[in-house]
Structure formats: C-alpha cells, structure tokens
Amino acid sequence: MPAGKAHSLYEFDRFRLDPTQGQLLDAGRPVALTPKAVETLTALVERSGRIVGRNELMDAVWPGAFVEEAVLTQNVYTLRRALGSAGDRPLIETVRGRGYRLTVPVRRLPDPVPAVASIAVLPFEPLGIAEEGEILGLALADALITRLGGARGLVVRPTHAVRSFVEPGLDPLEVARRLRVDAVVTGTLRRSGSRLRIGAQLVREGASSPLWAGQADATESDLFGAEDELLNGLLEALGREPTSAGAAHPSRAAASHEAHHAYLRGRFFWNKRAGEDLDRAISYFERAITLDPEYALAYAGLADAYVLLPFYTGAAPSESFPLASEAAARALALDERLAEAHTSLAYTRFFYDWEWEAAERGFARALELRPSYATAHHWRGFSWSALGRADAAIAELERALDLDPLSLVIHADLGLACYFARRYSQAVGHLEAALELDATFAYADFGLCLTRCAERRFDDAIAAARRAVAHASPNQAM
C-alpha cells in the first residue's frame, strides 16, 4: 500500500477481508490464501450483489496479462474450500455460462486509520565512530530486520534491499517511496565512553512527527539488550504485541566480544553479495566459530555464504553445498529457530541432494519462524517450478516479490517460472522489469532470450542473447 493511503475492510458472514494487507480472517483467525486468491475474493466482494463474469474477474486480478481460465477456476475452488457454505448454499455460487456471485451480504467498514503494513529498517548512521561504524550500523539494522520478520502481517524489506541507503541526510520519506513501504526506521550510533548510544525513530508519510522514537545503550559485545528495547518499542508503535514476533527470540549471544565482532563483520560482507566479499564473509564466520564453537548464528552465516558461493564465484557445487549443509545442520542443532539456516539447508536438499520432501519441510519451517523472509519464499517457489507445480510456484514467487519488490533475481526467476508455465507475456513483463532496474543483469536477458524463442520472435531472442553474453559475469545470480 502506498504510504499514507487509507484502505477499506469488508465483513461478510463470519469473515473479515482486508485487501490492503492481503488478509482474510475467519472469526478472527487468519486464513491461508495466496495473494491472487485474495485478489479474486476482493473482486467478488467489491462486486457483491451481482454476477461477475469470468472475463471481468480475470481483468481485475490479472490486468493486461494472458491467463488461462483454468487458473481462475482453481482460485475459485480454493476460495470455496476456505469459505465453506452459508446454510445449504456455497458462499461463492457459479452461475452457469455467466460467471460467479457472492451469495451473502457484504458490509463495508469505515476506512480505518492507515496501518503500517510494510516497513524498512535503514542502516544506522555512525556519528563520530570512524572505526567499524558502518559495520555496526548495518549489523544493527540486520538484527532488527531479522527479528521484526517474525511479526505476523508485517512486511519487512530484507537487508540487501536497504544496505545502499547509507548516505547522510537521506530523506526517509523518499526512501519509503523507493522501497515501496509504509514506514521507515532510521537511527544513529554514538560512542559514549565505552558504550554505544543508539537512537531510532519510525517515520511515515502524512504524519507530522515520528510515530515512535526510542533510545538504548549497549556495549559492542552485547547488542541484544539494546535490540530488545528497540524491538519492543517498535512493535508497540506498530500495534503488534512483542510476543507476536515468532522469530524475534534471539539466538544465544557470543561467548566473547571477539567472536561477536567477527560474526558482525561476516554479515556485513555477506550482505554485499559479491564473490570476493563472500570469501571474506566465510573467513569471518569461521573466525567467530573458532573463538566460540557453540555460536549458532556464526554457523548459520557460514551456511548462507556457502549456498551462494557457486552462483557468485563459480565454486564447485560438489564442494560448496555439502559445506553449506553441514554448517546449517550444526546451526540448527544449536538453535532450531534460525530461519536462515532452515532455508539454506532446504535449498541444498532441493538443489544438490534432490530430496524434495525434506526441502519442502525446511522451507515450511523457515516461513513458520519468519513469514516475511523473502529468500525462503523465493527459493521455495523456484523449487516448485522445477517440480512442475506451476500455479503454486508463481504464487509463491509473487509473494517473494511483494516482500522484496526491487530484487532483480526474484523478478527474473518469476519470469522464468512463467516461461516454464508457457505464460509468455507474463514472463516478458517480469524479465523486462528486472532489466529496467539493471540493464546489465545478464540472467534476465538469458530468460528473455528463452521466452522470445518460445514466441518465435527470433530477432528479439538474438538481441537478448547478445546482451546476456556482453554483460555476463560470475557475480550475477541468486
């Protein structure tokens, strides 16, 4: 939802629908639906009292895209199962030869005060801290992003999406518009003797003052106490209970200042997502483990680095994936609540071991712990595409893109999933969206080449292939 824009709620039978947050409640309990299923229900609810033709529904849910009617039929079938019946009539009725109709009255509730449904936490700005201030600023933002990611119904932009917004004097409202979020957390770090003073505020468009401001003190070797203070203040300002953050419980702190510092440096370089930086990240995670062999977060970081290494450096999968699997398994043995470790382990199970059921269990557990973890949705969706589950894969990748709308690779992988499903116009749209964000992203041109070949537009395919070759590098993937 654009910052400051009000939205409507609808009630019918025992259900409440919030189209803006993409949420359906059944007597107060969330109903699990894909984004497109929610959009289909919204179109029916907004047109209640009349028959809605199939073409009208498809134009409302997939504007400007060619979609087979079977996809709409599947969405309606999913909704019928979720909604059930009102007496002896289904809540969604098929009118043969004409379309669909909602069979119960709908009440539109007054527009509520706009809620914060999406948020970005920017790197904290170091003030007067020259040595490692940038690392600490990004590390603190990364910790809050991870822990806020466990809050139900809150979309949190990932660290790699915010790490470039570090320049002093940035307008937070402009950042919110660029990242397509309702609100932004900004903060500062100051040194006060041997301690750090951390200040933060929550800003949104249309508000005359920050929605929240907080301050905490900490030592560099133990930021968890400060994180707790800031996290609880943020959740209260956002109208969410601290206990609602399923992944918000931190892992055990490092046993030493040096191990914690090595981990923070590892995360800093891992978030840069470049070949040489991944190598540096691995060395720092290994240093943290040497200093503290029971440090679960360091093993999780090591797994995250190894699982990306073949795609960024050309490292042999037969070397990197077993190391990723070993590190992730060790992290989970020490702390089962680390969503990143579940995700990296699940990806190795899928991509390298071909253990589909184990991979699915891992992705599901990661998203149970951290529902807004875009990478888990992304890799799960791509695995489903490889297994031929086209509709489910595209819905899952769309969810990943909702969480990380500026991600080049999610756009491209969603385009490839549409290509595999023979939805060529949708594929082109997503692949071209990736290229609009970065015209040198060779992976997107590779997908565009495949799609144009399938459309028999061979001149366009050759042009895309030439661009892909010109821009190809080992640093473009995942």
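**Figure 1. Asn75 in helix H3 of the predicted model.** Asn75 sits in helix H3, which covers residues 69-83. The model shown here and in the other views is predicted. Asn75 has a relative accessible area of 9%, so Asn75 is buried.

**Figure 2. Asp26 and its polar contact with Arg14.** Strand S3 (residues 23-26) contains Asp26. The relative accessibility of Asp26 is 13%, and the cut-off for buried is under 20%, so Asp26 counts as buried. The side chains of Asp26 and Arg14 are joined by a polar contact of 2.7 Å.

Figure 3. The largest nonpolar core has 85 residues. Which of them touch the most other members? They are Val121, Phe124, Leu148, Leu179, Leu202, Tyr263 and Tyr347. Helix H10 (residues 296-313) provides the largest share of this core, 14 residues. Another core, of 29 residues, lies apart from the largest one. Among the residues of this other core are Phe15, Leu24, Val38 and Leu44.

**Figure 4. Leu202 and its contacts.** Leu202 is one of the residues that touch the most other members of the largest nonpolar core. What does Leu202 touch, not counting residues up to four places away in sequence? The list includes Ile119, Ala183, Val184 and Val185. It also includes Pro210, Leu211 and Trp212. Leu234, Ala237 and Leu238 are touched by Leu202 as well.

**Figure 5. Leu297 in helix H10.** Leu297 has its place in helix H10. Its relative accessible area is 16%, so Leu297 is buried. Arg267 is 30 residues from Leu297 in sequence. In space, the C-alpha to C-alpha separation of Leu297 and Arg267 is 9.9 Å.

**Figure 6. The second largest cavity and its lining.** A search of the whole structure gives two cavities of 30 Å³ or more. The second largest cavity has a volume of about 140 Å³. It is lined by 14 residues. Which of these are closest to the centre of the cavity? They are Asp142, Thr159, Trp270, Arg370 and Tyr373. Helix H4 (133-148), helix H5 (159-162) and helix H8 (257-270) each supply at least two lining residues. Helix H4 gives the most, with three residues. By class, the lining has four nonpolar, five polar and five charged residues.

**Figure 7. Arg180, with a positive phi.** Arg180 lies in the loop between helix H6 (172-179) and strand S13 (183-192). The phi of Arg180 is near 60°. This is a positive value in a residue other than glycine.

Figure 8. The loop between helix H16 (408-420) and helix H17 (424-437) holds Arg422. Is Arg422 buried or exposed? Its relative accessibility is 66%, so Arg422 counts as exposed. Its phi is near 65°, a positive value in a residue other than glycine.

Definitions and conventions
Residues are numbered from 1 along each chain as its sequence is written. This is a predicted model: local features need pLDDT of at least 70, side-chain atom pairs count only at pLDDT 80 or more; totals for chains, interfaces and linings use all residues. Side-chain values use heavy atoms; hydrogens and water are left out. A nonpolar core is a set of buried Ala, Val, Leu, Ile, Met, Phe, Trp, Tyr and Cys residues joined through side-chain atoms within 4.5 Å. Buried means under 20% relative accessible area, exposed over 50%, partly exposed in between (1.4 Å probe, protein chains only). Helices (H or I, at least four residues) and strands (E, at least two) are DSSP runs, numbered from the N terminus. Contact means heavy atoms within 4.5 Å. On a 1 Å grid over the protein atoms alone, a cavity is a set of points where a 1.4 Å probe fits but cannot get out, and a pocket is an open set with protein on both sides within 12 Å along at least five of seven lines; lining residues have an atom within 4 Å of a point. Grid points are joined across faces, edges and corners, and a volume is the space filled by probe spheres set on the points. Ala, Val, Leu, Ile, Met, Phe, Trp, Tyr, Cys and Pro count as nonpolar, Asp, Glu, Lys and Arg as charged, and the others, Gly among them, as polar. A polar contact is a pair of N or O atoms within 3.5 Å; within protein, one must be able to donate a hydrogen and the other to accept it, and residues adjacent in sequence count only if both atoms are side-chain atoms.
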